[in-house]
Amino acid sequence: MALSLTFHALISVLLHVCLVSTAKHISHHHTSHSQNQNHNQNQHLQQAYRALKAWKKVIYSDPKNLTADWVGPSVCSYTGIFCAPSLSDANTLVIAGIDLNHGDIAGFLPEPLGLLSDVALIHLNSNRFCGILPRSLANLSLLYELDLSNNRFVGPFPDVVLSLPSLKYLDLRYNEFEGPLPPKLFSNPLDAIFVNNNRLTSLIPRDFTGTTASVVVFANNDFSGCLPPTIARFADTLEELLLINSSLSGCLPPEVGYLYKLRVLDMSYNSLVGPVPYSLAGLGHLEQMNLEHNMFTGTVPLGVCVLPSLLNLTISDNYFYEEEGICKNPTSRGIAFEDRNNCLPDKPLQRSQKACEAVLEHPVDCYDHECSAMAPLVAPSTAGTSIAPGPAYT
């Protein structure tokens, strides 16, 4: 996954490399008098103390005792809390990051977290946090990375995350979010979008506008509809597209072949029909393609099998009846290949003639085929709902 490295991203990287030791050094070697004096003069750390104190009150289980030292105003010495110089004043320490990954902590996120206005990253994956996200998170104008994966958050898609102007990395996978995806998700300047393994249900939007994502993972939700031709608007950035088990139907649009930076394409376990577009031969950087468990028909095009970077090609459980040229044996090029359960007459482990005829007697012409379920067009200026910042909690 290639994410663009901006100034805020650099902060995120440095937090784990050098800021930990810097913060601890300040805390341990400048004496308690210096630390207390700094805190008393630092409004940022005073607000952070109030926020973390409120958070600790709603943590009900902490088996690893990660928050046991969350006592007193010296917040830069708290486990999982990382401080750095303020972007506006290099002489002022602020909380720049929170990392409680794999803590197995149970609780919820309280509204006072909106006081952490300097934080650049929040990593809370693999815990037992539950409930809905507080609207006060809209105050976190510097937040660059938000990882809430593998928790127990519920409710509709948290629109509050779409109001964060600096957010580039959004990971909400393995939670219990439900309902539709807001169209604005695709017009925000995010680098990575992970919403797989939730309970999301909606039509795939017809119009992807202004997106800059390099990784999009929507797998294992209950979406519906077709992949629209506007997927081509991801062309300059998208490197990984995973729509596994997303209830997609219709034909694979030729515009997928315009995603020239794509390295991973996984459309498996859907209901896609028709032939594989020849335009996929233009995916010169593609390393993995998985089309298994769909209803593709026709020929596996030679251009796909000779892609220069291809390492893995899976077309099992479809209705292909011909493989062009080297597609009969791409393993000769070192490509891991699987083509069982198709309608290939000279290959073992294929479907029965009866099963093949039932589908192949009704070929799909993708030029005339219209998707039966498409979301309405949404103008970029009206997509999504704006989220007002939460209360200041002063």
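The legends below describe close-up views of one predicted model.

Residues are numbered from 1 along each chain as its sequence is written, and side-chain values use heavy atoms, with hydrogens and water left out. In this predicted model, local features need pLDDT of at least 70 and side-chain atom pairs count only at pLDDT 80 or more, whereas totals for chains, interfaces and linings use all residues.

**View 1. Overview of the chain with its 5 helices and 22 strands.**
Helices (H or I, at least four residues) and strands (E, at least two) are DSSP runs, numbered from the N terminus. The chain has 394 residues, of which 53% count as buried; buried means under 20% relative accessible area, exposed over 50%, and partly exposed in between (1.4 Å probe, protein chains only). Among the contacts with a separation of 6 or more, 53% are between residues 24 or more positions apart; a contact means heavy atoms within 4.5 Å.

**View 2. The open sheet of 12 strands.**
The strand order is β2-β3-β5-β7-β9-β11-β13-β14-β16-β18-β20-β22, and the pairing is mixed. Two strands pair if DSSP finds at least two bridges between them. Strands β2 (81-85) and β22 are at the edges with a single partner strand each, so one side of each has no neighbour in the sheet. On average, neighbouring strands of this sheet are turned by 10° against each other, direction ignored. Axes are lines fitted to C-alpha atoms, for helices over the stretch in contact, and angles run from 0 to 180 degrees between N-to-C directions.

**View 3. Strands β16 and β18, and helix α3 on the sheet.**
Strands β16 (residues 264-266) and β18 (residues 288-290) run parallel and are joined by 3 bridges. V264 has Q288 as its bridge partner in β18. Helix α3 (residues 43-57) packs on the sheet, where the helix touches β2 and β3 (93-99). The direction of α3 makes about 30° with that of β3.

**View 4. The disulfide between C76 and C83.**
A search of the whole structure finds 4 disulfides, a disulfide being a pair of cysteine sulfur atoms within 2.5 Å. In the link of C76 and C83 the S to S distance is 2.1 Å. This link is left-handed, with -95° about the S-S bond. Both C76 and C83 are buried.

**View 5. The disulfide between C251 and C366.**
The sulfur atoms of C251 and C366 are 2.1 Å apart. The torsion about their S-S bond is about -85°, so this disulfide is left-handed. The pair links distant parts of the chain, 115 residues apart: C251 is in strand β15 (residues 249-251), and C366 is in the segment after α5 (353-360). C251 is buried at a relative accessible area of 12%, whereas C366 is partly exposed at 26%.

**View 6. The disulfide between C343 and C356, with the surroundings of C356.**
The sulfur atoms of C343 and C356 lie 2.0 Å apart. With -100° about the S-S bond, the link is left-handed. C343 lies in the loop between β22 (336-338) and α5, and C356 lies in helix α5, so the pair ties together parts 13 residues apart in sequence. C343 is buried, as is C356, which has a relative accessible area of 8%. Not counting residues up to four places away in sequence, C356 touches Y319, N342, C343 and R351. The C-alpha atoms of C356 and N341, 15 residues apart along the chain, are separated by 9.9 Å.

N65 is placed in the loop between β1 (59-61) and β2, and counts as exposed at 53% relative accessibility. The loop between β16 and β17 (271-274) holds Y269. With a relative accessible area of 42%, Y269 is partly exposed.
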